[in-house]
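Subject: Structure handover

Hello,

Here is the structure you are taking over. Please look through it first, then read the notes below.

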Amino acid sequence: MDALIDLLPELWTATYETLYIVALTLFFGGLGGLLVGLGLYLTRAGSILENKPLFFVLNLLVNFIRPIPFIIFLAAAQPLARAVTGSGIGNNAIIFTIALAASFAMARIVEQNLLTVTPGVIDAARSVGAGPIRIIFTVLLPEALGPLILGYTFIFVALVDMSAVAGYVGGGGLGNFALLYGYRQYEPVVTWAAVLIIIVLVQFVQFFGNYLARRALRR
Amino acid sequence: MAVVSLRNVGKVYPPQTKDGASVTAIDDVSLDVEAGDIYGIIGYSGAGKSTLVRLVNALERSTSGEIWVNGQNIAALRERELRQVRLGIGMIFQQFNLLGSRTVARNVAYPLEVAGYPKEQRTARVAELLDFVGLADKAGAFPDQLSGGQKQRVGIARALATQPSILLADEATSALDPETTHEVLALLKRVNAEFGVTIIVITHEMDVIQTLATKVAVMDQGRVIERGPVFDVFSNPQAAASARFVSTVVKGVPSPDELAVLRARHAGRIVTLAFRDSAVDQKAVFGELSGAGVAFEVVYGGINEIQGRPFGHLTLALTGADPVIDTVLAHIRTLTTVTEVR
């Protein structure tokens, strides 16, 4: 317990770092997931921008990247992270890699949620002369908003998980904190403190996500 | 002038698998819809009627033929060019297809947003439309708070927003109960009468055709097998499928099974008389029978009315001396069609 009290400043820094990493990866990964998910949805057979080759490529890419365990992906994508962010380690590289992995995970969730929009509603929009861009912003996204918010809430938890794993390759945050000061120093209380903060964080975000989704679904 | 004119239109879906066969949904259909018509297209599911109507606003593209809408061959247009054409064609759907994330008023405003109307004009037009369909008090409600009939009325208001000259109704009443169906059909009649909108109605219910349409085309396996004014098709259907549809709403000639029952129950000779319009005078026919002293009893059939014109078949059981009946039937044959069943 004394060890924990001594480490409180580090704990707060780690919490802040986790929030920072998760916020940025949620933004970039969420955006990437939205784009790839929309791409999958729009190019599939029978959709408004049907494009079989493009769908095939996107689909293959998502299936290719998604099953790779994150800790291996982290190592495998390191050269790419170095090329993009200038360094293979540290928070920027971590954020890049997590956002990349999250994009592909989120893409499937986005695609699935968009598929719940009844095709008839898109017919109705087309029948009054709406084009694809307008349909995306006035029909697809608003109609699927509730499930999409829940999807993003779901991915938030995965991001916290990924950011903790990233502690292994020099990323900061609660994962690194637990590993460095808890696990390696034989201080289980320190590890549990990090776990507790993660639980509180996830609970808070899940409640907030549920609240927003309820608002969007009006129930 | 025809506002919608299909010339040898075909729609063939490519094979779904490598060894699969292509599917012909629409097979060489030519059809003219005149301004102000309420044109009914009836057929069983899979007959191609929904595909046909979706070709008219190019939600689906034809694979052959020409589709002239307001003087423009839309089969030759690209998707981007079609958007302007679609502003002139409203459409309503079986499942209403309202946007669940928007209020009633914002659903009705949607086509106006797409067409680029300024906000004040949109607000005024939406109020006008909701008033017309009788839902002014539901402007702020969401679609999931409405009944089926109310949803379809919102659908109609939305379809009329940009003042189209053509309205396509794809099974618009098939998801509604009979009473609501009649409310919606009455509203569509008003749309036609008050705004002069040409309506194309797709349905599998002959009742809808009888109540609403002025002309009808019967579809079967992607082809139009019979067409004409509703009265003509109802009173004298030519194709077997047409006759089956007519028989769903009109009790006409008894089927062989029904005849067997009738014959068992009634003594005497059984004849079916056709009555069509005022050309056949019922008083004259029954006058002949009673004048000759032939006793008769109506055992089957009925008289219907389409657009104020009566038609139908009556099956009679006649009792009396055979030679007398023969003579009187010969007289009646000069007045109308008589079918004697033995």
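The domain assignment of chain B gives domain 1 (2-88 + 164-249) and domain 2 (256-341); such bounds come from an automatic or database domain assignment. This is a predicted model, in which local features need pLDDT of at least 70, side-chain atom pairs count only at pLDDT 80 or more, and totals for chains, interfaces and linings use all residues. Residues are numbered from 1 along each chain as its sequence is written, while chains are lettered from A and ligands numbered from 1 in the order in which they are written.

Taken over C-alpha atoms, the centres of domain 1 of chain B and domain 2 of chain B are 37 Å apart. Six residues of domain 1 of chain B are in contact with five residues of domain 2 of chain B (contact: C-beta atoms, placed from the backbone, within 7 Å). On the domain 1 side, helix α8 (residues 230-235) of chain B gives the most, with four residues. Helices (H or I, at least four residues) and strands (E, at least two) are DSSP runs, numbered from the N terminus.

Next, the strands. In chain B, strand β13 (residues 309-319) runs antiparallel to strand β11 (residues 269-276), joined by eight bridges; strands pair if DSSP finds at least two bridges between them. L273(B) stands opposite L314(B) in β13(B). Strand β12 (residues 295-306) of chain B is also antiparallel to β13(B), with 11 bridges. There, N304(B) has F311(B) of β13(B) as its bridge partner. The hairpin of β12(B) and β13(B) has two residues between the strands, and Q307(B) takes a positive phi near 50 degrees.

Regards

Key:
Two residues are in contact if their C-beta atoms, placed from the backbone, lie within 7 Å.
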